[in-house]
Amino acid sequence: MTFSALAEPNRFHIVELLRERPRPVGELVNTLHIRQPQVSEHLKVLADAGIVAVHPRANQRIYALSPQKFQEIDAWLEKYRELWNER
């Protein structure tokens, strides 16, 4: 589910933007130049995959990357790094 969530270009772009810093939905809408309902749907997919977390702040919802998911990806990739290094 993680990689299928990241495979969609807009979702990957959202992740790249959140890598820089947490952002509210409105800022993502303005940066991506797609409508708010589409951004919200992409964020829901990313949240369901555990890639992003949401933090309410006043009347905004701030999205940030979830470190745990990226630690899981790194641990999974480590198995392949070992294989590549053995070759």
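1. Rings of Phe, Tyr and Trp (for Trp, the six-membered ring) count as a pair if their centres lie within 6.5 Å; planes under 30 degrees apart are called stacked, over 60 edge-to-face, and the rest tilted. By this rule there are two aromatic pairs here. Before we look at them, keep in mind that this is a predicted model: local features need pLDDT of at least 70 and side-chain atom pairs pLDDT 80 or more, while totals for chains, interfaces and linings use all residues. Residues are numbered from 1 along each chain as its sequence is written, and side-chain values use heavy atoms, with hydrogens and water left out.

2. Start with Phe3 and Trp76, a tilted pair at 5.5 Å centre to centre and 50 degrees between the planes. Phe3 lies in helix α1 (residues 2–7) and Trp76 in helix α5 (residues 67–86), so the pair ties together parts that are 73 residues apart in sequence. (Helices are DSSP runs of H or I with at least four residues, numbered from the N terminus.)

3. Trp76 also pairs with Tyr80: the ring centres are 4.9 Å apart and the planes sit at 55 degrees, so this pair is tilted. These two residues are four apart in α5, separated by about one helical turn.

4. (Buried means under 20% relative accessible area, exposed over 50%, partly exposed in between, with a 1.4 Å probe and protein chains only.)

5. Now have a look at α2 (residues 9–20). Its buried residues are Arg11, Ile14, Val15, Leu17 and Leu18. They cover an arc of only 165 degrees around the axis, which puts them on the same side of α2; the arc is that of the directions from the helix axis to the C-beta atoms. The face turned away from that buried side carries the exposed residues Pro9, Arg19 and Glu20.

6. Which residues does Ile14 touch? Leaving out residues up to four places away in sequence, Ile14 touches Leu28, Leu32, His42, Leu43 and Leu46, where contact means heavy atoms within 4.5 Å.

7. Ile14 turns up again in the largest nonpolar core, which has 18 residues: Ile14 is among those touching the most other members, as are Leu28 and Val39. (Such a core is a set of buried Ala, Val, Leu, Ile, Met, Phe, Trp, Tyr and Cys residues joined through side-chain atoms within 4.5 Å.)
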